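Have a go at each task before you read its solution.

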Amino acid sequence: MKHISLWLFALIFAGCSTTQPVTLAPIVDSETMQELEVLDQWQADQTAKTEYENIWERVIASYKLDTELDNDRITAQLNWYRSHPSYIDRVADRGVRYLYFIAEQIEAREVPGELALLPVVESAFDPFAYSHGRASGVWQFIPSTGRDFGLQQDWWHDGRRDIRAATEAALSYLDALQQQFDGDWLLALASYNSGAGTVRKAIRKNREKGLPTDFWSLDLPRETQAYVPKLIALAKLIKYPERYGLTLTPIEDKPYFAVVNTGGQIDLSQVAELADTDLDEVYKLNPGFNRWATRPTGPHEVLIPVEKQELFEQRLTELPSSERVRWQRYQVKNGDSLNTIARHYSTTPDALQQANELRSNTIFAGQQLLIPSAFKSQDTYSHSLSQRMERIKNLRKPKNSNQRIEYNVQSGDSFWEIARNHDVTVSQLASWNGLAPKDPLRVGQKLVIWSAQKASSKREVIRKINYRVRNGDSLAGISQKFKVSMADLKRWNSNEVRKKYIQPGQKLTLYVDVTR
């Protein structure tokens with residue numbers, strides 16, 4: 001703006017020194033005129049900025065898709081939304097925390113405002129949503145795509161559920177997809193659901209047949225065929241609620257949360273107390289945290305209600321860094337490892353290594369370790385991953401099953417093997433435990449298995465045993481020794497017992513009720 005300053009100075013100086021007309025042409029060159037035009041446009045934009053009554057109006061103002069589209073697929077989705085007004089209220093109640101931030105990001109990127117409604121289609125704005133396809137968070141990222149877009153996933157934190165990181169990643173992903181499809185946002189949305197490869201394959205097939213290649217003409221998976229119509233129907237409903245007999249829950253067009261740097265790891269119950277906020281609300285604003293505290297290695301930020309920011313920051317400065325997490329002293333015993341100690345204290349070997357400045361994972365008996373631990377009992381952290389999984393196990397009991405078996409995962413176990421040995425399906429086993437069939441299992445993990453067998457007075461505790469056949473052993477003798485049936489023993493070891501006799505040294509797998 002240096003030319004503007006020079007022009008103003010010349011004008012003022014001329015007015016002071018003479019009453020003769022002043023010629024400005026030699027001073028106001030073309031570059032200056034361009035800068036003046038930019039300044040005028042900026043001032044006009046500021047003047048034209050609209051004060052929206054609620055966040056819905058702000059979202060609608062950014063619409064870029066054709067919401068006047070009308071076909072059977074859109075109508076079917078509209079009819080469903082119209083007949084489920086409580087669903088719309090529920091997603092609005094969840095979305096109130098996140099919509100302002102999402103709308104800001106959409107405006108900054110100049111992408112369609114309808115994308116702000118995509119989390120309704122994906123997850124009903126449930127930040128803890130998890131699908132059988134291993135998709136997580138309001139934007140439902142699968143692990144691999146999440147990693148591709150920089151969403152960190154570890155024991156402490158899952159970036160796919162982090163509202164800020166996942167929103168930025170989702171909008172980047174969608175923008176990249178629309179560029180792949182020459183600006184066609186419907187094809188980009190379809191690709192977000194089923195993968196760009198699936199959409200390209202459908203386009204290629206239509207081209208070979210001389211058929212149109214727009215979204216509505218493609219032969220896509222059933223879920224994807226309904227996916228785009230759901231979003232358009234929702235955009236219509238938000239734009240014209242009266243037309244469809246609905247009343248939208250008003251959401252103020254103002255920030256809901258503030259971002260505060262904590263300077264280090266902190267117990268989430270401490271965050272709740274410092275911010276004078278319910279712990280459940282802290283988790284809903286920070287759903288990426290899997291455990292009772294923030295990630296030891298950072299980034300050290302938490303989201304809190306915006307009206308609590310000043311109070312939180314003041315109290316945080318008064319809290320000694322040593323009191324942000326609770327520390328326990330532990331003396332290493334024979335047989336201990338960082339893994340076993342970490343599992344017992346709900347932390348990780350890496351966190352123990354970092355807290356104690358260990359160069360390796362080697363520890364020795366008598367060594368003193370500092371262990372970060374929760375201020376409160378584990379069940380207090382109701383939205384931590386372990387507590388959510390425990391609730392799922394209790395809620396998903398099938399109607400025809402009356403016996404709950406707790407199974408501890410052993411080395412070499414797989415979903416398929418455990419399901420087969422308990423006469424259930426892999427999908428049932430995964431669903432009962434809030435997992436996806438492709439999720440990795442870890443040794444010591446507890447799984448719930450529901451059996452339709454008549455409940456006994458004593459609950460079974462099943463353990464996997466790897467048995468090496470000895471001289472003189474027979475299948476009958478082994479089944480009697482471990483109190484299992486011959487049929488089960490043969491079924492568990494179908495590959496090992498094809499021959500008439502078992503041989504010394506053979507390895508057999510048994511699932512034994514250790515309470516017998």
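The exercises below use a predicted model.

**Exercise 1.** Work out where Gln367 sits and whether Gln367 is buried or exposed.

*Solution.* Start with the place in the chain: Gln367 belongs to the loop that runs between helix 17 (349-355) and strand 4 (368-373). Next, check accessibility. Buried means under 20% relative accessible area, and Gln367 comes in at 12%, so Gln367 counts as buried. Finally, look at the surroundings. The Gln367 side chain reaches the backbone nitrogen of Phe364 at 3.1 Å. If you skip neighbours within four places in sequence, Gln367 is in contact with Tyr330, Gln331, Val332, Leu358 and Thr362.

**Exercise 2.** Find which parts of the chain the salt bridge between Glu390 and Arg404 ties together.

*Solution.* First, check the distance: the closest N and O atoms of Glu390 and Arg404 are 3.4 Å apart, and the cut-off for a salt bridge is 4 Å. Then place the partners: Glu390 lies in helix 18 (residues 385-395) and Arg404 in strand 5 (residues 403-408), so the pair links parts that are 14 residues apart in sequence. Last, compare accessibility: Glu390 is partly exposed at 32%, while Arg404 is buried at 17%.

Definitions and conventions: Residues are numbered from 1 along each chain as its sequence is written. This is a predicted model: local features need pLDDT of at least 70, side-chain atom pairs count only at pLDDT 80 or more; totals for chains, interfaces and linings use all residues. Side-chain values use heavy atoms; hydrogens and water are left out. Helices (H or I, at least four residues) and strands (E, at least two) are DSSP runs, numbered from the N terminus. Buried means under 20% relative accessible area, exposed over 50%, partly exposed in between (1.4 Å probe, protein chains only). A polar contact is a pair of N or O atoms within 3.5 Å; within protein, one must be able to donate a hydrogen and the other to accept it, and residues adjacent in sequence count only if both atoms are side-chain atoms. Contact means heavy atoms within 4.5 Å. A salt bridge is a side-chain nitrogen of Lys or Arg within 4 Å of a carboxyl oxygen of Asp or Glu.
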